[in-house]
Amino acid sequence: MNDDALTLRVLRATLLNPLIREFELARPDGGVLPGFEAGAHVRVRVRLADGSSDWRHYSLVELSGDAAARQAPTRYVIAVRREAEGRGGSRHLHEQVAEGDLLEVQPPKNDFALRPGAGRAVLVAGGIGVTPIASMAAQAHAQGLAVAMTYAGRSRALMAYLAPLEALLGSALTVHADDERGGAPLDVDAVLGECAANDVVNVCGPQVLLDQVLARAQARGWPRERVRFELFSAPPAEAGDAAFEVVLKQSGATLNVPADKTLLDCLIEHGCDPLYDCKRGECGVCAVPVLEGEVDHRDYVLSADEKKSNKVIQVCVSRGRGRLVLDL
Ligand code: FES
């Protein structure tokens with residue numbers, strides 16, 4: 001996955017608040033980087049706590065709205081939330097990477113582009129999910145599109161890019177800080193209730209926010225394509241996750257997937273070469289045919305009927321309820 005990776009220098013590393021560190025990255029020769037549109041992300045190679053390395057996905061932040069800054073950029077800006085739990089990728093970027101260091105970065109990819117429709121671009125950000133959403137707000141604003149943004153977080157002090165967004169959007173920005181509402185979370189249904197029939201909702205944030213938006217949109221009878229989304233991080237393991245057994249029909253191999261590992265990781269460790277991309281159950285790339293067994297579906301790709309049929313599994317996030325036989 002890293003054939004065309006770029007080697008970029010950290011020009012600047014700034015703590016935006018106690019949890020979020022912003023990095024400005026550029027070619028060592030100052031040259032032009034591959035262009036991108038709002039919603040794009042890059043993957044950055046990080047070192048994990050166990051000494052191995054892996055790639056982490058960070059949305060590009062571009063708040064100027066300047067088309068040249070996206071089409072022929074000389075720098076990329078990413079913002080990294082420090083995750084106390086997890087395998088150490090964000091801690092590496094917070095604690096061990098300094099200005100002047102070189103990072104391996106894959107060119108931008110965009111699975112979450114702004115698609116202007118007939119109505120407003122309704123933008124909903126939760127926490128660090130603000131990074132693609134803020135870039136969308138800036139791009140949409142610069143293009144003269146109607147925008148309405150809701151930005152939710154625990155407290156204003158922890159909400160990155162709040163001041164520039166307030167300056168950019170004025171009354172088109174609604175801020176929900178939990179600590180100003182007695183700890184109450186964002187009223188997602190109220191946000192959807194203010195949408196006109198032709199508004200499209202773009203949402204990025206933690207899984208709990210995304211699940212609420214999708215559930216409320218479904219309850220309102222909205223077609224699925226009216227909500228466009230990106231999860232900010234891989235879905236966490238769920239309490240009660242258990243090990244399960246997987247038989248690979250073509251090779252005859254049997255794998256045990258422990259409770260704290262994904263099926264995708266086990267397939268890779270076993271020497272299989274499965275296709276995958278997002279690792280968050282969003283893109284659909286990692287689908288594998290299921291021949292036997294019941295799947296605990298956790299993706300956002302398959303329809304309810306496809307899930308019920310048990311004929312396919314998104315191996316990056318979904319698990320088996322007991323033994324599975326896969327056509328691999
Ligand atoms: S890798 Fe994208 S859905 Fe699994």
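**View 1. Open sheet with the strand order β9-β8-β7-β10-β11.** In this predicted model, local features require pLDDT of at least 70 and side-chain atom pairs count only at pLDDT 80 or more, while totals for chains, interfaces and linings use all residues. Residues are numbered from 1 along each chain as its sequence is written. The 5 strands of this open sheet pair in parallel; strands are DSSP runs (E, at least two residues) numbered from the N terminus, and two of them pair if DSSP finds at least two bridges between them. β9 (173–177) and β11 (227–231) are the edge strands, each pairing on one side only. Neighbouring strands are turned by 10° against each other on average, direction ignored.

View 2. β7 (residues 121–126) and β10 (residues 200–205) run parallel and are joined by 5 bridges. Val124 stands opposite Val203 in β10. Helix α4 (residues 162–169; helices are H or I runs of at least four residues) packs on the sheet, touching β8 (147–153) and β9. Contact requires C-beta atoms, placed from the backbone, within 7 Å. The direction of α4 makes about 150° with that of β9 (axes are lines fitted to C-alpha atoms, for helices over the stretch in contact; angles run from 0 to 180 degrees between N-to-C directions).

**View 3. Open sheet with the strand order β13-β12-β16-β14-β15.** The pairing of these 5 strands is mixed. β13 (253–257) and β15 (312–314) stand at the edges with a single partner strand each, so one side of each is left without a neighbour in the sheet. The twist averages 40° from one strand to the next.

**View 4. Strands β14 and β16.** Over 5 bridges, β14 (residues 287–296) pairs with β16 (residues 319–326) in the antiparallel sense. Glu292 stands opposite Val325 in β16.

Conventions
Contact = placed C-beta atoms within 7 Å.
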